[in-house]
Amino acid sequence: MNNTKIEIIDPRTVWIGSDTAQVDLVMYGDYESEACAKAQDIIDQLLKQHRNTIRFQYRHFPLTKIHQYAHKAAEAAVAAVQEGKFWEMHHLLFAHRKRLGSISLKEYASEAGVKDKNFIPKLVDSLYGWTVRADLLDGVDKGVRDVPAIFINNVQFAGKINGASLNRAILELLPAKQRKRA
């Protein structure tokens, strides 16, 4: 029997944006959700707009009762983390949210640059299932019940998720001199 322990890189260590950012955005989401895909587009714009002042992290919160492929898609994203290809995979999953079966996931992984020859067996064996579940449970502990759920500096954003309201919330957290430049 093989007792080799597999080290899994935790997706919670993966951020995009400046390491010196004053504002952290975290979104709990589901790869099959239209609303999450739209929220991601808004966040991508905010990341461009606030290049040095915000950073972003995505957490998995698959709504498996209504989205049968969301959990495996999240596992595929965690698999991509293992090779430093999370953001490539993340954006592909949202772009193709209506086609998230195993064969499609393998295609997206390849397109993202994931080289693991055991990608499908690892998905079948749910190697990353507990990692996804940890995000889900963490979200539940923080009060997440639906997605997208956005946290700004660890406080759940209660407003309407659109560019203007998120931008306003970010600007309120920046020092006055930085607000003028943003």
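Trainee: Is the crossing of α3 and α4 left-handed or right-handed?

Mentor: In this predicted model, the crossing of α3 and α4 is right-handed, and the two helices pack with their axes 9 Å apart, at an angle of about 140 degrees.

Trainee: Why is α3 oblique to α4?

Mentor: Angles count as roughly antiparallel over 145 degrees and as roughly perpendicular from 65 to 115, so the angle of about 140 degrees between the two helices makes α3 oblique to α4.

Trainee: And which residues make the contact?

Mentor: On the α3 side the contact is made by E88, M89, L92 and L93, while α4 brings in L105, Y108, A109, E111 and A112.

Trainee: OK, what about the core, which residues have the most contacts inside the largest nonpolar one?

Mentor: That core has 55 residues, and those with the most contacts inside it are Y31, M89, L93, L105 and F119. Helix α2, which covers residues 70-81, supplies the largest share of this core, with 8 residues.

Trainee: What does F119 touch, then?

Mentor: Leaving aside residues up to four places away in sequence, F119 touches A76, A79, M89, L105, K106, A109 and V114. Among these, M89 and L105 also take part in the contact of α3 with α4.

Trainee: Changing topic, how many salt bridges are there?

Mentor: The count comes to 10 salt bridges, and one of them joins the side chains of K98 and E34, at 3.8 Å from N to O. Side chains of opposite charge can pair when their charged atoms come close.

Trainee: Where in the chain do K98 and E34 sit?

Mentor: This pair links distant parts of the chain, 64 residues apart, with K98 in the loop between α3 and α4 and E34 in helix α1. K98 is exposed, with a relative accessible area of 74%, whereas E34 is partly exposed, at 35% relative accessibility.

Trainee: What about D138 and K142, how do they meet?

Mentor: Their side chains also form a salt bridge, at 3.5 Å from N to O. D138 counts as buried at 19% relative accessibility, while K142 is partly exposed at 37%.

Trainee: Last one, which residues are linked in a network of salt bridges?

Mentor: D10, R12 and D135 are linked in such a network.

Terms used. Residues numbered from 1 in each chain as written. Predicted model: local features only at pLDDT ≥ 70, side-chain atom pairs only at ≥ 80, totals over all residues. Heavy atoms only, no water. Salt bridge = Lys/Arg side-chain N within 4 Å of Asp/Glu carboxyl O. Helix = DSSP H or I, 4+ residues; strand = E, 2+ residues; numbered from the N terminus. Buried < 20%, exposed > 50% of the residue type's maximum accessible area, 1.4 Å probe, protein only. Core = buried A, V, L, I, M, F, W, Y, C linked by side-chain atoms within 4.5 Å. Contact = heavy atoms within 4.5 Å. Axes fitted to C-alpha atoms, helices over the stretch in contact; angles between N-to-C directions. Parallel < 35°, antiparallel > 145°, perpendicular 65-115°, else oblique. Left-handed = near helix turned anticlockwise from the far one by under 90°.
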